Amino acid sequence: MASLVYLLGALVTALCAILLLRGFARSRSRLLLWSGLCFAGLTVSNGLLFIDLGLLGPAQSLYMWRLGTAASAMLLLVYGLVFESE
């Protein structure tokens, strides 16, 4: 059941990224671009979470990779909020 929740989280963040990037393509609002890129990074992080806890097991850990991708995604959003807001 936990693996299903991890996979569902990855799918929801992927859908959010797609919708935000599609909104950027229509309106060219730079904040939508940074938000979409943030959610794309969070999709990767959630995918790594599914692989790490759902498929690999306790023998191997992708904790640092998950943490790095999530932090990078958040930094993209912070950059967009600070430098691209009007």
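This is a working chat about a predicted model of a protein chain.

User: What does the secondary structure of the protein chain come to, and in what order do the elements run?
Analyst: The protein chain has 3 helices and 0 strands, and from the N terminus on the elements run α-α-α. Helices (H or I, at least four residues) and strands (E, at least two) are DSSP runs, numbered from the N terminus. Residues are numbered from 1 along each chain as its sequence is written. As this is a predicted model, local features need pLDDT of at least 70 and side-chain atom pairs count only at pLDDT 80 or more, while totals for chains, interfaces and linings use all residues; side-chain values use heavy atoms, with hydrogens and water left out.

User: What does the C-alpha trace span along its principal axes, and what percentage of the residues is buried?
Analyst: The C-alpha trace spans about 45 × 20 × 15 Å along its principal axes, and buried residues make up 27% of the 86 residues in the chain. Buried means under 20% relative accessible area, exposed over 50%, and partly exposed in between (1.4 Å probe, protein chains only).

User: How do α1 and α2 pack?
Analyst: Helix α1 (residues 2–27) packs with α2 at an angle of about 165°, and their axes are 8 Å apart. Axes are lines fitted to C-alpha atoms, for helices over the stretch in contact, and the angles run from 0 to 180 degrees between N-to-C directions. That angle makes α1 roughly antiparallel to α2, given that angles under 35 degrees count as roughly parallel, over 145 as roughly antiparallel, 65 to 115 as roughly perpendicular and the rest as oblique.

User: Which residue classes make up the contact of α1 with α2?
Analyst: The residues of that contact of α1 with α2 divide into 18 nonpolar, 11 polar and 1 charged. Here contact means heavy atoms within 4.5 Å, and Ala, Val, Leu, Ile, Met, Phe, Trp, Tyr, Cys and Pro count as nonpolar, Asp, Glu, Lys and Arg as charged, and the others, Gly among them, as polar.

User: And what about α2 and α3?
Analyst: α2 and helix α3 (residues 63–83) pack at an angle of about 170° with their axes 8 Å apart, and are therefore roughly antiparallel to each other. The contact includes Trp 34, Cys 38 and Leu 48 of α2, together with Trp 65, Ala 73 and Leu 77 of α3, among others. By class, the contact of α2 with α3 has 17 nonpolar, 5 polar and 2 charged residues.

User: Switching topic, how many disulfides are there?
Analyst: The count comes to 0 disulfides, where a disulfide is a pair of cysteine sulfur atoms within 2.5 Å.

User: What is the phi of Arg 28, and where is the residue?
Analyst: Arg 28 has a positive phi of about 60° although it is not a glycine, and its place is in the loop between α1 and α2. Most residues other than glycine have a negative phi. Arg 28 is exposed, with a relative accessible area of 57%.

User: Last one: where is Ile 51, and what is it in contact with?
Analyst: Ile 51 is in helix α2 (residues 30–56) and counts as partly exposed at 34% relative accessibility. Leaving aside its neighbours within four places in sequence, Ile 51 is in contact with Leu 56 and Leu 62.
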